[in-house]
Amino acid sequence: MKARHKRLGFLVAGLVGLGVAATLVFNALDSNLSYFFSPSDVVQNKAPTDHVYRLGGMVQSGSLERGKELTVKFLVTDTAHTVKVAYTGILPDLFAEGQGVIAQGRMGPDGTFIADEVLAKHDENYMPPEVADALDKAHKSTPTGVANK
Amino acid sequence: MNARLINWFKFSSPASFYPLAGKLIPVFTLIALILIGVGLYMSFFVAPTDYKQGEGYRIIFVHVPAAWMSMFIYLIMAFWAGLGLVFNTRLSGMMTRALAPTGAIFAFLALWTGAFWGKPMWGTWWVWDARLTSELILLFLYLGYLALQGAIDDTRRADRAGALLVLVGVVNIPIIYYSVQWWNTLHQGASISMDNGSKMGATMLWTMLIMALGFWAYTIAVALSRVRSIILEREADTTWVSELAEVRR
């Protein structure tokens with residue numbers, strides 16, 4: 001066995017060890033690395049009740065109510081469950097019904113999520129408006145802008 | 001050892017790589033200029049408006065290729081670092097060192113254009129989600145490598161220490177790439193991936209690929225010219241350097 005084969009062996013073993021360690025660490029951390037909770041997580045009590053967290057999903061179509069001044073109320077859905085959100089402040093340009101959204105805040109006593117920051121989440125599809133129209137006509141029912149998958 | 005392997009080893013010697021690099025630089029510079037020129041023109045005037053984000057999405061044509069390059073360059077650095085540690089070739093350390101500043105620039109560019117894109121679309125310059133944070137760590141890895149490599153005077157030891165850092169950090173690359181699949185992030189998923197193909201309009205896709213190839217050519221040209229400087233610096237005492245036309249002048 002030449003010295004360089006030995007070094008190659010050390011290198012490969014080291015990288016494999018590092019990879020295994022990283023996999024274990026990320027498995028252990030799992031959902032702690034997620035940026036937001038989905039409405040299903042909230043309904044199943046997986047989200048914290050006593051401190052601030054982020055709620056992510058889609059603004060349900062037809063659920064947006066504009067209140068006094070800058071107050072808005074809307075439902076956030078992941079198609080399985082919905083959570084009611086109240087927010088006072090300026091919304092990002094991409095915010096709209098049927099669009100992805102991430103709200104940061106805490107759960108109020110009445111089951112309404114009180115947000116103090118609302119961010120728009122868009123998906124990975126890019127196309128000219130004509131194509132989007134054509135697609136829209138082709139399958140009217142398909143929702144767009146849902147969280148990751 | 002077979003003939004092909006010996007041929008490769010020939011170019012691992014700085015003395016024979018130096019003139020080869022010199023010949024390649026103008027070729028890649030020209031390719032980079034043409035591709036980036038065409039790519040930028042297409043980015044601004046040819047690619048259609050996006051149905052949702054309007055004109056603002058056009059920053060993608062710099063943002064995504066820059067982010068790709070920041071990851072690719074790191075992998076190439078890891079390749080050279082591994083080669084240097086195993087074979088003790090002098091050129092490997094020089095190549096790793098030559099690529100690092102360009103990688104750092106692309107990582108910075110990806111973060112910077114991302115911030116400019118995030119403000120109007122998401123409503124924020126920065127969030128600590130898995131994608132953005134892991135890309136920031138990549139920038140720190142580049143800067144850390146440059147600092148460590150530069151802090152040690154003996155170039156052989158500097159290269160070995162740097163190579164180790166690069167190889168340990170390589171674990172971050174799959175994390176960046178898969179972060180948007182593994183965890184919920186504000187950052188959207190990949191528009192172009194090996195398993196799902198493309199989720200962009202055809203013209204948009206071509207514009208992005210041309211920009212990416214242009215960035216490749218730029219990276220090669222810049223890294224080669226940097227490695228030539230490093231060769232001259234490190235081999236300054238050798239006969240072959242003192243006999244070079246550009247040095248004797």
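## Chains A and B: what the terms rest on

Colleague: Why does A:Tyr126 count as buried?

Modeller: A:Tyr126 has 24 C-beta neighbours inside 10 Å. A residue is buried if 20 or more other C-beta atoms lie within 10 Å of its own, exposed if 12 or fewer, and partly exposed in between, with C-beta atoms placed from the backbone. The count of 24 therefore puts A:Tyr126 in the buried class. This is a predicted model, in which local features need pLDDT of at least 70 and side-chain atom pairs count only at pLDDT 80 or more, while totals for chains, interfaces and linings use all residues. Residues are numbered from 1 along each chain as its sequence is written, and chains are lettered from A and ligands numbered from 1 in the order in which they are written.

Colleague: What makes A:Tyr126 a "binding site"?

Modeller: That label comes from UniProt, in an unreviewed entry, and is placed at A:His122 and A:Tyr126. Such annotations may be inferred rather than shown by experiment; the positions follow the numbering used here and feature names are shortened. A:His122 is in the loop between strand E6 (112–121) and helix H3 (129–138) of chain A, and A:Tyr126 is in the loop between E6 and H3 of chain A. A:His122 is also buried, because it has 21 other C-beta atoms within 10 Å.

Colleague: Which residues does A:Tyr126 touch?

Modeller: Leaving out residues up to four places away in sequence, A:Tyr126 touches B:Asp50, B:Tyr57, B:Ser191, B:Met200, B:Gly201 and B:Met204. Contact here means that the C-beta atoms of two residues, placed from the backbone, lie within 7 Å. Between the chains, 35 residues of chain B are in contact with 32 residues of chain A. The largest share of the side of chain B that touches chain A comes from H3(B), with four residues. The residues on that side of chain B divide into 19 nonpolar, twelve polar and four charged. Nonpolar covers Ala, Val, Leu, Ile, Met, Phe, Trp, Tyr, Cys and Pro, charged covers Asp, Glu, Lys and Arg, and the others, Gly among them, are polar.

Colleague: Why is chain A called more spread out than a compact globule?

Modeller: The globule rule is 2.2 Å times the number of residues to the power 0.38, and the radius of gyration is taken over C-alpha atoms. For 149 residues the rule gives 15 Å, while chain A has 22 Å, well over that value, so chain A is more spread out than a compact globule. Its C-alpha trace spans about 80 × 45 × 25 Å along its principal axes. Chain A is divided into domain 1 (3–32) and domain 2 (34–138), with bounds from an automatic or database domain assignment. The C-alpha centres of these two domains of chain A lie 39 Å apart.

Colleague: How do you know that helix H1 of chain A reaches close to its expected span?

Modeller: Helices (H or I, at least four residues) and strands (E, at least two) are DSSP runs, numbered from the N terminus. H1 (residues 3–29) of chain A has 27 residues. The expected span is 1.5 Å times one less than the number of residues. That gives 39 Å, and H1 of chain A reaches 39 Å from its first C-alpha to its last.

Colleague: Why is H1(A) said to lie largely in the open?

Modeller: Of its 27 residues the number buried is zero, so H1(A) lies largely in the open. Over the 149 residues of chain A, 28% count as buried.
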